[in-house]
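Here are a few friendly notes to read alongside the structure. Take them one at a time, and find each residue in the viewer as you go.

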Amino acid sequence: MKQATKYRHTTGKAQKRELWYPDLKPNSNASDNTTIVANDKYIAVNWNSVAATVAILSLSEPGKRSRPDPTLIQSSGQLTDFKFSPFKNTFLATSSDDGYIKLWDLPQSISDANNISTATAVLAGHKKGVDAISFHPSASDILASISTDKTVAIWDLTKQHIVTQQPCGDGGQSLAWNPIGSLLAIPCRDKLIRVIDPRAPAKEGGEKGKQAHEGVKPMRVVWLSDDHFLTTGFSKNRERQYAIWNRSNLEKPVKMTVVDTSTGVMTPLFDPDARLLFLGGNGDSVIRTYEVAEDSMSLSDLPSVSVDQPQKGLCLVPKKELDMMEVEVDRVLRLTPQGITPVSFSVPRKTKSSFASELYPDTAGDIPSLSSSSWLSGETMGPSLVKL
């Protein structure tokens, strides 16, 4: 019998239409790349344009905009990934297929901001296109990147250059730091999963990977703990799957599960505080929800959320932006062909007159635990936590 948990009755539903972000023009050709990210201030969307373009929206201003188009960041090449810094909500990194990573300082207010075409810095070091990037979860000014030049690189943004670079199979499709920022999990184009210590000396011939999903479409990865991570991918028969792995034994997954048969790449989103996992694929009209047991890493099904429009991408909203007096424990932003629909996940309560502190443990804050130099010298520390 499974132990009852505080979140077992979590349910989700789309918010009211006045809280949607309508009339957007997301990139129709970016189904396998990042399409939407958010922090506590802004939402960034892969915009429909000839060049690499990111639209910036104010998270706190849903509804009709005062002008036709939002503020646009106009880069070069074809956009492959973009991420906000976890420590500065106006700092954005973008990557593209021309091999460059660009850093952007956004204005404190975008209500009257002009389009931005000049980056704060341009990082050059990969010989081919950059497929994915990821900020370190607890050390300032550390960025990881994976490229079609078959290497993974670590950048020190204070010096704007690569500090370590390792071979990585045939190049990666995505990458993710474990919660304490000591390891990277990388699903690669050769269908192998690799776990790399980016501060360790590179192994001759690169890190050996293990067979993950056998399908040809891209895989995605998210960590569930410091030692376990989850991948999504496809079987040879085009079945969509998720797999849970123990990073110390990649010979076979802890569990491999078939979700359904469909063509959209599934995005996994994980909330480590509530231990809720959300899965949604490009073209889907449903968000699947699971609770992840902390000890066994087993997944328990929670009610899925069905909506009327197919989605192009998903992202989570930071905890401190949730409506806690309505016992909202998570909010997923669904990017559709026409706009963004927020989906709210809450725990039912008989009374909502007081703050449900037991549902809101301390969460990762916006102050780094380590400097880039401390992390590069070998220190390891998880994110600094704050009370909600």
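1. Let's begin with Lys102, which sits in strand S8, residues 100-105. Please keep in mind throughout that this is a predicted model.

2. Is Lys102 buried or exposed? Lys102 is buried, and yet it has no salt bridge. The nearest side chain of opposite charge belongs to Asp98, 5.4 Å away. A salt bridge needs the side-chain nitrogen within 4 Å of a carboxyl oxygen, so Asp98 does not qualify as a partner.

3. Which side chain does make a polar contact with Lys102? The side chain of Ser76 does, at 3.2 Å.

4. Next, look at Thr34, in the loop between strand S1 (11-14) and strand S2 (36-38). Its relative accessibility is 19%, so Thr34 counts as buried; the cut-off for that label is under 20%.

5. What does Thr34 touch? Setting aside neighbours within four places in sequence, Thr34 is in contact with Asn46, Thr80, Asp81 and Phe82. With one of these, Asp81, there is a polar contact of 2.5 Å between the side chains. For a sense of scale, Thr34 and Pro368 are 334 residues apart in sequence, and their C-alpha atoms are 25 Å apart in space.

6. Now to the aromatic rings. With ring centres required to lie within 6.5 Å, the count comes to seven aromatic pairs. In one of them, Trp177 and Trp375, the ring centres are 5.6 Å apart and the planes meet at 85°, so this pair is edge-to-face.

7. Where in the chain do these two partners sit? Trp177 is in strand S14 (residues 176-177), while Trp375 is in helix H1 (residues 372-376). The pair links distant parts of the chain, 198 residues apart. Both Trp177 and Trp375 are buried.

8. Compare that with Phe355 and Tyr360. Their ring centres are 5.4 Å apart and their planes are at 20°, so this pair is stacked. Phe355 has 34% relative accessibility and therefore counts as partly exposed, whereas Tyr360, at 5%, counts as buried.

9. One last thing to find in the viewer: Trp223, Phe229 and Trp245 form one aromatic cluster.

Methods:
Residues are numbered from 1 along each chain as its sequence is written. This is a predicted model: local features need pLDDT of at least 70, side-chain atom pairs count only at pLDDT 80 or more; totals for chains, interfaces and linings use all residues. Side-chain values use heavy atoms; hydrogens and water are left out. Rings of Phe, Tyr and Trp (its six-membered ring) pair if their centres lie within 6.5 Å; planes under 30 degrees apart count as stacked, over 60 as edge-to-face and the rest as tilted. Helices (H or I, at least four residues) and strands (E, at least two) are DSSP runs, numbered from the N terminus. Buried means under 20% relative accessible area, exposed over 50%, partly exposed in between (1.4 Å probe, protein chains only). Lys and Arg count as positive and Asp and Glu as negative; His and the chain ends are not counted. A polar contact is a pair of N or O atoms within 3.5 Å; within protein, one must be able to donate a hydrogen and the other to accept it, and residues adjacent in sequence count only if both atoms are side-chain atoms. Contact means heavy atoms within 4.5 Å.
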